[in-house]
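I am opening my notebook on a single chain and want to write down what I look up in it, step by step. I begin with one residue and then widen the view.

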Amino acid sequence: MPSCPTPSRRHGFAVAVAATVLLMVAASAPSPFYPQLAEQLRLLPVATTGIFAVYAFTMLTALLVAGSLSDRVGRRPVVTVGSLLLAGSLLLFWQSGSLGMLLTARAVQGFAAGLLIPALSAMVVDFTPTRATDTASLWNTMSAMTGLGVGAIVAALVLDTVTNPTAIVFGVLAALFILIAAGVWAVPDSSPTPDSGVSRGWGRVSVPSHVRHRLLIAVPAIIAGWATNGLFLALGPAVMKSEFTAATHVQQAITVPLFAVSGIVAAILLHRRSPRVVSVYGTAALGIGTALSMAALAVHALPAYLVAVAVVGSGFGTAFMGVLQTLMPQIRATERAAVMAIIYTVSYLAFGVPTIIAGLLVPVISLRGAMTTVGGVIVVLCLIATVTRIRVPDRPHPVLAAPEPGAATNDRREGVMR
């Protein structure tokens, strides 16, 4: 990236982290509104989960079509366009009075997020202080999970205390993203220069042969973690309301910030451990926490359920970080975009598909039954992922032993979300 004075690097880092937090605030803020919207518009459970899942699918489309766009045209133009689209989607959500408008709002929001995630993640890595580049993936994890927790609890608090909550939540967020669209031009553009070795074309999405085995091993962990995240964001408030008679929106949404905080704490405590330790802890915690949550739901034990949510959150916060720590050292700088595109394809399919399945199951076997059924699949995936990862040692592939052209520039991108 272009060299810039230390204050500029600090400002760029602050802007990238703040924008990432706000992006995830916008992603989770609608969650506390879902039970209320379902009542007002008389929506079926599958419609509620569909509103949530369309966000994941349009985000996936944007990631596959334009995930590397900021490498070619610069970070600032992509962040500007994505922020303006996101602001427009929030205004649509504010004014939505039908299922069609809600689906449209979430679809636009998902596409905007698909533009912003890789550009902002790259900015975090680009501007991370030189001596702390190994913490870039931790900052990306912490920013995302902080936004998820803050968005849900603040939106719930506004719902409980004001008469026009949609105007405050979505109006304020829209205004903030308009500011981001303009403010990103106050910091240097950190995108690679033409001679940095980054491809200027769209590129072919494929997995290098020497990492296919490790990526296949990681797939169960990716699916389990992102399916769990999707279920908590889409159905977490409904579970608290129907199964534990949570009266206020804050009580209904409390599982989302609990999930996020425990993930942040676990990521901070474990990020310097070996990739195998991080991965095994993450998948084991996901599986154990999910099993505990199923048991707590069965006996209607709220304290036990909240403990289980914290365990699950710590697993999600480390399982995906462990996947990245395992795969990134095995991949050349010129291969990372293609591999990350595959990883996030799996991630966002797991984010959306199980949530829709759960929504279809609710009218048939109840909300508790749907969560238990999907949770059982997640436990099995976690068991497979844990046992398999224990048997795979952390060994760099010989192909990376020799330096490659452009490696000095692009190695700093390890951990970038594409």
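Does Val-78 count as buried or exposed? I looked up its relative accessibility, which is 4%, so Val-78 counts as buried; I note that buried means under 20% relative accessible area, exposed over 50%, and partly exposed in between, with a 1.4 Å probe and protein chains only.

**Entry 1: what I am looking at**

I remind myself that this is a predicted model, in which local features need pLDDT of at least 70 and side-chain atom pairs count only at pLDDT 80 or more, while totals for chains, interfaces and linings use all residues. Residues are numbered from 1 along each chain as its sequence is written, and side-chain values use heavy atoms, with hydrogens and water left out.

I looked up the confidence next, where pLDDT is the predictor's confidence in each residue, from 0 to 100. The chain averages a pLDDT of 82, and 84% of the residues score at least 70. Confidence is lowest in helix H15 (residues 407–410), at a mean of 42, and highest in helix H8 (residues 165–183), at 95. Over residues 1–5 the pLDDT is below 50, and this stretch has 13 contacts in the model beyond near neighbours in sequence. Residues 397–418 also have a pLDDT below 50, and for this stretch I found 64 contacts beyond near neighbours in sequence. Contact here means heavy atoms within 4.5 Å.

**Entry 2: the whole chain**

I found 15 helices and zero strands in the chain; helices (H or I, at least four residues) and strands (E, at least two) are DSSP runs, numbered from the N terminus. Of the 418 residues in the chain, 57% are buried. When I took contacts between residues at least 6 apart in sequence, 87% of them joined residues at least 24 apart.

**Entry 3: Val-78 and its helix**

Val-78 lies in helix H5, and H5 has 21 residues. From its first C-alpha to its last, H5 reaches 30 Å, close to the 30 Å expected at 1.5 Å a residue; the expected span is 1.5 Å times one less than the number of residues. The buried residues of H5 include Arg-75, Val-79, Gly-82, Leu-86 and Phe-93. Not counting residues up to four places away in sequence, Val-78 touches Leu-69, Ser-70, Val-73, Leu-115, Leu-116 and Ala-119.

**Entry 4: helix H2**

In helix H2 (residues 34–41), I found Tyr-34, Pro-35, Leu-37 and Ala-38 buried. Seen down the axis of H2, the buried residues fall within an arc of 165°, so they line one face of the helix; the arc is that of the directions from the helix axis to the C-beta atoms. The face of H2 turned away from its buried side carries the exposed residues Glu-39 and Gln-40. What covers the buried residues of H2 includes helix H3 (45–66), helix H5 (75–95) and helix H6 (99–127). Just after H2, Arg-42 takes a positive phi of about 55°.

**Entry 5: the core**

Which residues have the most contacts inside the largest nonpolar core? This core has 114 residues, and those with the most contacts are Phe-177, Trp-226, Tyr-305, Ile-343 and Tyr-348. Helix H14 (residues 336–390) gives the most to this core, with 16 residues. A nonpolar core is a set of buried Ala, Val, Leu, Ile, Met, Phe, Trp, Tyr and Cys residues joined through side-chain atoms within 4.5 Å. Leaving aside neighbours within four places in sequence, the contacts of Tyr-305 include Phe-232, Val-239, Met-240 and Phe-244.

**Entry 6: loops and a partly exposed residue**

Thr-245, found in the loop between H9 and H10, has a positive phi of about 50° although it is not a glycine. At 65% relative accessibility, Thr-245 counts as exposed. His-300, in the loop between helix H12 (275–299) and helix H13 (302–327), has a positive phi of about 55° and is not a glycine either. With a relative accessible area of 40%, His-300 is partly exposed.

Last, I looked up Ile-153 in helix H7 (residues 136–161), which is partly exposed at a relative accessible area of 24%. Ile-153 and His-249 are 96 residues apart in sequence, yet 8.5 Å apart in space, C-alpha to C-alpha.
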